[in-house]
Amino acid sequence: MHYICLPIKTLKTTAMEWLLDLGYIGLFIGSLLAATVFPFSSDVLLVGMLIAGGNPATTVIVASLGNWCGGLIGYWMGRLGKLEWLERWFKVKHETIVKHQAKVERYGPLLALLTWTPFVGDIFAIVLGFYKARFWPSAIWMLVGKCGRYVCWAILHFYAAQWWG
């Protein structure tokens, strides 16, 4: 039996190309996966779709909805968690948990605006669910943040295309 070992960079490039070949469905899937634990760059997919001639409005909407759904998956995964687990398995002190819970209660759903940020955005979504932040306000702010990110990328792409022709 022969195994083919591809470097991670090649595997990611191949996956990105495959997703782009699927068009808007691939953009949705890739954006959803990027908002979970998979190391994908939905920004690259979005710009790739725009370079390939995708409609800017449709591209932003599809990427936003996919990434939003991925963020909501993180929220609901967090919602399944229990405070005792942090103390028991991760050795987090009860005082630390209470301190973070107070911050989530204070800023609540507005923290969902930060779920678009690379690396820590997924953690914010899980934390919001874990501390039982109100779902609909969190979901709406999450969508606003993620959509804003893609609108910025689309605008940058537009001006870059104008500049470099």
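**Close-up views of cavities, pockets and helix contacts**

**View 1. The largest cavity and its lining.** The largest cavity is lined by Ala35, Thr36, Val37, Gly70, Gly71, Gly74, Met77, Asp122, Ala125 and Ile126. Helix H4 (56-79) and H7 are the elements that give two or more residues to this lining, and H4 gives the most, with four residues. Helices (H or I, at least four residues) and strands (E, at least two) are DSSP runs, numbered from the N terminus. The model is predicted: local features need pLDDT of at least 70, side-chain atom pairs count only at pLDDT 80 or more, and totals for chains, interfaces and linings use all residues. Residues are numbered from 1 along each chain as its sequence is written, and side-chain values use heavy atoms, with hydrogens and water left out.

View 2. Rolling a probe the size of a water molecule over the atoms shows where empty space is left. On a 1 Å grid over the protein atoms alone, a cavity is a set of points where a 1.4 Å probe fits but cannot get out, while a pocket is an open set with protein on both sides within 12 Å along at least five of seven lines; lining residues have an atom within 4 Å of a point. Grid points are joined across faces, edges and corners, and a volume is the space filled by probe spheres set on the points. By this rule there is one cavity of 30 Å³ or more. The largest cavity has a volume of about 70 Å³. Its lining divides into five nonpolar, four polar and one charged residue. Here Ala, Val, Leu, Ile, Met, Phe, Trp, Tyr, Cys and Pro count as nonpolar, Asp, Glu, Lys and Arg as charged, and the others, Gly among them, as polar.

**View 3. The largest pocket.** The volume of the largest pocket is about 370 Å³. Of the 20 residues that line this pocket, Ala34, Phe40, Pro118, Phe119 and Asp122 lie nearest its centre. At least two lining residues come from each of H3, helix H7 (121-130) and H8; the largest share, three residues, is from H7. Ten of the lining residues are nonpolar, six polar and four charged.

**View 4. The second largest pocket.** This pocket has a volume of about 180 Å³. Gly78, Gly81, Lys82, Trp85, Leu86, Phe90, Ile126, Val127, Phe130 and Tyr131 form its lining. Helix H5 (83-89) and H7 are the elements that give two or more residues to it. H7 supplies the largest share, three residues. The lining consists of seven nonpolar, two polar and one charged residue.

**View 5. The contact of H3 with H8.** Helix H3 (residues 42-51) and helix H8 (residues 135-164) pack at an angle of about 45°, and their axes are 10 Å apart. Axes are lines fitted to C-alpha atoms, for helices over the stretch in contact, and angles run from 0 to 180 degrees between N-to-C directions. The contact (heavy atoms within 4.5 Å) joins Ser42, Asp43, Leu46, Val47, Leu50 and Ile51 of H3 to Arg149, Tyr150, Trp153, Ala154 and His157 of H8. Seven of these residues are nonpolar, two polar and two charged.

**View 6. The contact of H4 with H8.** The axes of H4 and H8 come within 9 Å and cross at roughly 140°. Among the H4 residues that meet H8 are Trp68, Leu72 and Trp76. The contact comprises 14 nonpolar, four polar and two charged residues.
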